[in-house]
Amino acid sequence: MRAVLLLLLLVPVTQLARSQGHLDCPFGFQDVSEHVGIVFNPQDKTTGPTVGDLNQDGYLDIVQCNHVRFPMEVYYGSEKGSFTRQRAFKTKMDRHGTATGDVDGNGKLDIVLAIGGDNGIKPLPPREVRTSSDGELHEISIEEAGLGGRMLRGVAPRLLDIDRDGDLDLFVLSRPSLDLSNVIRHAVYENLGTEPNGNGTYQLINYTGIEKSVGQAGFLVTDVDSDGYPDIFILSPGVRFYRGRPKRKFVDKTSCLPLGLRSSGPYGGAVQLDIDNDGDMDILFSGGLRLKTKLLKSGRDVLLENLSENVTDANCGFRYADVTETANLRTDGIRHGITAADFNNDGFIDIFMPEVGPGGARINDTIMLNLGNKSFLGFTDHGANGPLEGDITYPTGAQAFDYDRDGLVDIVVATRYNQGNQSQGYLRLFKNTVENGNNYLIVQVPVSIDGKTTMDALLTVRTGGGSFHRVVGSVGEFRTQSFIDQVHFGLGNNSVVLSIDLKLMEGTLYAFGGCAANQMIPLLSLAMIAPSPSVSPPSSCSPL
């Protein structure tokens, strides 16, 4: 089948995606939103969904932000495969992006919300709700959270460990102040920790080097050079790149990016993924942008292959190759909040692209099949679409996760429309119904290990047929950040896992034994081969 696909690469992706009969779609989805308890609530979904197991009951939850007129919705997953809705941040406010992670170190996931500040007229700091030890959400004051010190036109928060101390610090992407003399846009907060009396309280860092960045639409956090300090791409206009450094600093290394990326755009989403299973994270930026207004800006997708193992420029410390031209990606249109997963379990990560239609028309979203040769093939007849007729909304983002733990990755998509007095938006969940006999493994990663966060850790699964690599956390970013601790791997025809490695951002490597495929396995239930401060994989692995 894959050989047949390779012969079709020269046909334009839009033609293949919409043609009938040329090629059977390898994906299948069904809208189960109403069936599983996703409430029909046509409110403006400002940003895409955030996903994480907030109460750590073993079932992933969905956090969906609504704009001004309705509170945030939190959908708690269950063993029945259904969701129960609660509301958060009930006070009327200009709600924007969301992030989740364990801020206070109690083993449960908390939620951070960026506040837009009424178009800059009333700038405000971000807000936080915490999940207590009993699994309940509790909103805490700005003072208690330590989130004061800077008034922002907040766009999106991102939890990350900037100083390698094992807890989650905070970056808040924002728009420029209405006071043109104020060049400070963004904010970075240090987590003071949980010992002895920190309790996850934040403290504003006056200046790290990223606060004046002109980028303002979205972000992607990764570690391009594997030095343990998170790096940040800021999207639109163009792409800016800030390399994380010691002592809580960021250095502008935009000049190290390929010219076609930093000078083009706009971009409405990004995802890090290992397109070729070589062990490092490549990056895909989705072109185009539409915000609240009717103004649509088309753009092309850009795929960067990570070649940092062959660094020749010491000033940059990393290296990307622009492989867009041979990847068979989209060259125009708008795609917001893309997400990536192995939707057919063949061992290669695919991409779900929420499509923004022209004017007031919702159109089919696209799934890009990874062909295994650094190129993709697009499909729109996959079933992961709600009713299109009469839908004037457009997508704000998506996340791929296995809500019912059946080994097939599902998709949740949010949309919005906000013009004048008309405000709409929908949250839809699409169940993966593929039947192809491929194998999978879901690794349940602890929120922390030895007191250190597993956010952005690299998880590697080794089989007799090759290795597969995932980053713990989000599966696509733009204005939201997830913490998906149930990490899915498609294994193709591999039925036995030989070993599993977890490498934390700060470099500590934990090596575990193997297991059979086609199950969800708690990582800490496996035999630990060795914890190690080395960043190199173990010399040998022993299957169970």
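Q: Is Arg 245 buried, partly exposed or exposed, and what is its relative accessibility?

A: The model is a predicted one. Buried is under 20% relative accessible area and exposed is over 50%, with partly exposed in between. Arg 245 has 29% relative accessibility, so this residue counts as partly exposed.

Q: Which residue does Arg 245 meet in a salt bridge?

A: A salt bridge needs a side-chain nitrogen of Lys or Arg within 4 Å of a carboxyl oxygen of Asp or Glu. The partner here is Asp 227, with 3.2 Å from N to O. Asp 227 sits in the loop between strand 14 and strand 15 (231–235), and Arg 245 belongs to strand 16 (residues 239–245). The two residues are 18 residues apart, and the pair links distant parts of the chain.

Q: How many salt bridges does the structure hold?

A: The structure holds 25. Some residues are linked in a network of such bridges: Asp 301, Arg 330, Arg 335 and Glu 355.

Q: Which parts of the chain does the salt bridge between Asp 276 and Lys 374 tie together?

A: The closest N and O atoms of Asp 276 and Lys 374 are 4.0 Å apart. Asp 276 lies in the loop between strand 18 and strand 19 (282–287), while Lys 374 lies in the loop between strand 28 (366–370) and strand 29 (376–379), so the bridge joins parts that are 98 residues apart in sequence. Lys 374 has a relative accessible area of 30%, so this residue is partly exposed.

Q: Are Arg 462 and Asp 501 buried or exposed?

A: Both Arg 462 and Asp 501 are buried. These two residues form a salt bridge, their closest N and O atoms being 2.5 Å apart. Arg 462 is in strand 37 (residues 458–463) and Asp 501 is in strand 40 (residues 496–503), so the bridge ties together parts that are 39 residues apart in sequence.

Q: What area is buried between domain 1 and domain 2?

A: The size of an interface is often expressed as the accessible area lost when the parts come together. Between domain 1 and domain 2 about 4000 Å² is buried, and carbon and sulfur atoms give 54% of that area. In terms of residues, 73 from domain 1 are in contact with 37 from domain 2.

Q: How many salt bridges and how many residue pairs in polar contact are counted between domain 1 and domain 2?

A: There are two salt bridges between the domains. Glu 477 and Arg 158 form a salt bridge, with their closest N and O atoms 2.8 Å apart. Several strands give two or more residues to the side of domain 1 that touches domain 2, among them strand 2 (50–52), strand 10 (153–160), strand 25 (339–341) and strand 30 (394–401). The residues of that side divide into 31 nonpolar, 27 polar and 15 charged.

Q: Where does Thr 339 lie, and which residues is it in contact with beyond its sequence neighbours?

A: Thr 339 lies in strand 25. Leaving aside neighbours within four places in sequence, its contacts include Asp 350, Phe 352, Ala 398, Val 475 and Gly 476. The side chain of Thr 339 reaches the backbone nitrogen of Ala 400 at 3.1 Å. Relative accessibility is 0% for Thr 339, so this residue counts as buried.

Q: Which residues are joined by a cis peptide bond?

A: Most peptide bonds are trans, and most residues other than glycine have a negative phi. The bond from Ser 236 to Pro 237 is cis, with omega near 5°. Pro 237 is in the loop between strand 15 and strand 16. Gly 265 and Pro 266 are also joined by a cis peptide bond, with omega about 5°. Pro 266 is placed in the loop between helix 5 (259–262) and strand 18.

Q: Which residues have a positive phi although they are not glycine?

A: Lys 374 has a phi of about 65°, and Asp 450 has a phi of about 55°. Asp 450 is in the loop between strand 35 (448–449) and strand 36 (452–453). With a relative accessible area of 60%, Asp 450 is exposed.

Technical notes. Residues numbered from 1 in each chain as written. Predicted model: local features only at pLDDT ≥ 70, side-chain atom pairs only at ≥ 80, totals over all residues. Heavy atoms only, no water. Contact = heavy atoms within 4.5 Å. Buried area = accessible area lost by both parts, 1.4 Å probe. Helix = DSSP H or I, 4+ residues; strand = E, 2+ residues; numbered from the N terminus. Nonpolar A, V, L, I, M, F, W, Y, C, P; charged D, E, K, R; others polar. Buried < 20%, exposed > 50% of the residue type's maximum accessible area, 1.4 Å probe, protein only. Polar contact = N/O pair within 3.5 Å; in protein donor to acceptor, adjacent residues only side chain to side chain.
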